[in-house]
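The tour goes from helix faces to charged pairs, then to some loop residues and a surface patch.

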Amino acid sequence: MKLSIIIPTYNEERNIQSSLDKAISYLHTKNFDHEIIISDDGSKDNTIRIIESFAKNNPNMKIIKNNHTGKAGAVRSGMLAASGDIVLFTDADFATPIGTIDKILPEFTNGADVVIGSRALGKRDNEPLKRKIAGKAYNILVQLILLPHIDD
């Protein structure tokens, strides 16, 4: 099995080094092939410089430099470049910890074609109350207007 992890970035100089350190540490404990694809959405800060420096010592890392078109475009180009049997994406700040992959992979072994994580179903101790309330309100609005019965 080969796992591809897509990380879309845009002006993530504050988060990306720590997130990449966590990803590499996690992946070194696993016994499967992997690649990390950083799909940058035209960052204006030092994100690319940090990623390029990190990639020099990590041969399983690919960098895609996109024009600024939005997160969806960055995720799409990363997905299209992936070569893994299982492909996932995660935000650059790792709001969902990288170790959550351990909960996802068995679902594919059990026959799932797609696995969607839901933050609403999990416990997130480090999330500020204001963010929890704003996220819940936004989710309700999206469900009412666009996507009934879809939770996040």
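The notes below describe this predicted model, element by element.

The model is predicted, so local features need pLDDT of at least 70 and side-chain atom pairs count only at pLDDT 80 or more, while totals for chains, interfaces and linings use all residues. Residues are numbered from 1 along each chain as its sequence is written, and side-chain values use heavy atoms, with hydrogens and water left out.

Helices (H or I, at least four residues) and strands (E, at least two) are DSSP runs, numbered from the N terminus. Helix 1 covers residues 16-28, which makes 13 residues. From its first C-alpha to its last it reaches 18 Å, close to the 18 Å expected at 1.5 Å a residue; the expected span is 1.5 Å times one less than the number of residues.

Which residues of helix 1 are buried? They are I16, S19, L20, A23, I24, Y26 and L27, where buried means under 20% relative accessible area, exposed over 50%, and partly exposed in between (1.4 Å probe, protein chains only). The arc is that of the directions from the helix axis to the C-beta atoms. As background, an α-helix has 3.6 residues a turn, so residues three or four places apart point the same way.

The buried residues of helix 1 pack against strand 1 (2-9), strand 2 (33-40), helix 2 (47-55), strand 3 (61-65) and helix 4 (101-109). Contact here means heavy atoms within 4.5 Å.

In helix 2, the buried residues are T47, I48, I50, I51, F54 and A55. Seen down the axis of helix 2, they fall within an arc of 160 degrees, so they line one face of the helix. Their packing partners are strand 1, helix 1, strand 2 and strand 3.

## Salt bridges

A salt bridge is a side-chain nitrogen of Lys or Arg within 4 Å of a carboxyl oxygen of Asp or Glu. By this rule the count comes to five salt bridges.

| D102 | K30 | 3.1 Å |

E52 is partly exposed at 32% relative accessibility, whereas K65 is exposed, with a relative accessible area of 56%.

D91 counts as partly exposed at 29% relative accessibility, and K71 is partly exposed at 43%.

There is also a network of salt bridges, which links K2, E35 and K62.

## Loop residues worth a look

T90 is placed in the loop between strand 4 and helix 4. Is T90 buried or exposed? At 12% relative accessibility, T90 counts as buried. Leaving aside neighbours within four places in sequence, T90 is in contact with I5, I6, I7, P8 and T96.

F94 is in the loop between strand 4 and helix 4. F94 has a positive phi of about 50 degrees although it is not a glycine, and at 8% relative accessibility it counts as buried.

N11, in the loop between strand 1 and helix 1, has a positive phi of about 50 degrees and is not a glycine either. N11 is partly exposed, at 31% relative accessibility.

## A nonpolar patch

I140, L141, L144, I145 and L146 make a nonpolar surface patch of about 560 Å². Patches are made of residues with over 30% relative accessible area and no salt bridge, with like charges joined within 9 Å and nonpolar side chains (Val, Leu, Ile, Met, Phe, Trp, Tyr) within 5 Å. Accessible areas come from the Shrake-Rupley method with a 1.4 Å probe, and for residues only the protein chains shown count as cover. One of the patch residues, L141, is placed in helix 5 (residues 129-145). L141 is partly exposed, with a relative accessible area of 45%.
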